[in-house]
Amino acid sequence: MASKKDMRRPDLIVPYQEPPAGKSGETPEFSSTLSSTMPMAAIFTRNRYIGWAAVVFSMQSWLGESEATTQSTSTPGYFSVGMSIMALLVTYLPIFMPPVPGQAQPTAAPAA
């Protein structure tokens with residue numbers, strides 16, 4: 001049987017120390033990544049719900065920028081807002097410019 005005696009040595013106990021916080025440039029910017037990729041997803045899928053979510057999310061990301069993120073990011077926040085509004089316009093484009101019925105859709109060129 002195992003003995004009931006505690007074999008741990010109190011002199012070897014190391015207290016927990018929280019690791020130092022990283023620099024602001026090292027933290028990933030998920031909000032700016034999402035605000036720039038959601039408009040592309042709306043354009044590719046022509047999904048209006050994704051387009052509206054892209055507009056809301058990019059506005060939220062733009063208004064929530066701090067001085068540190070403004071200096072460290074490569075694209076400004078208003079660029080993401082413009083991109084998301086353009087993506088929203090692309091999703092509503094078939095309403096204003098409907099495709100001509102009976103017109104053949106372009107096909108891929110044959111492989112040479």
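Helices here are DSSP runs of H or I with at least four residues, numbered from the N terminus. The model is predicted: local features need pLDDT of at least 70, side-chain atom pairs count only at pLDDT 80 or more, and totals for chains, interfaces and linings use all residues. Residues are numbered from 1 along each chain as its sequence is written, and side-chain values use heavy atoms, with hydrogens and water left out.

**Stop one: H1 and H2**

Select residues 30–45, helix H1, and residues 48–63, helix H2. Their axes (lines fitted to C-alpha atoms over the stretch in contact) lie 8 Å apart, at an angle of about 160 degrees. Angles run from 0 to 180 degrees between N-to-C directions. H1 is therefore roughly antiparallel to H2, a term for angles over 145 degrees. Their crossing is left-handed: the near helix is turned anticlockwise from the far one by less than a right angle.

Now show the side chains in contact (heavy atoms within 4.5 Å). On H1, pick out Leu34, Met38 and Pro39, among others. On H2, the contact residues include Ile50, Gly51 and Phe57. This contact has nine nonpolar, seven polar and no charged residues. Ala, Val, Leu, Ile, Met, Phe, Trp, Tyr, Cys and Pro count as nonpolar, Asp, Glu, Lys and Arg as charged, and the others, Gly among them, as polar.

How values were computed:
Helices (H or I, at least four residues) and strands (E, at least two) are DSSP runs, numbered from the N terminus. Angles under 35 degrees count as roughly parallel, over 145 as roughly antiparallel, 65 to 115 as roughly perpendicular and the rest as oblique.
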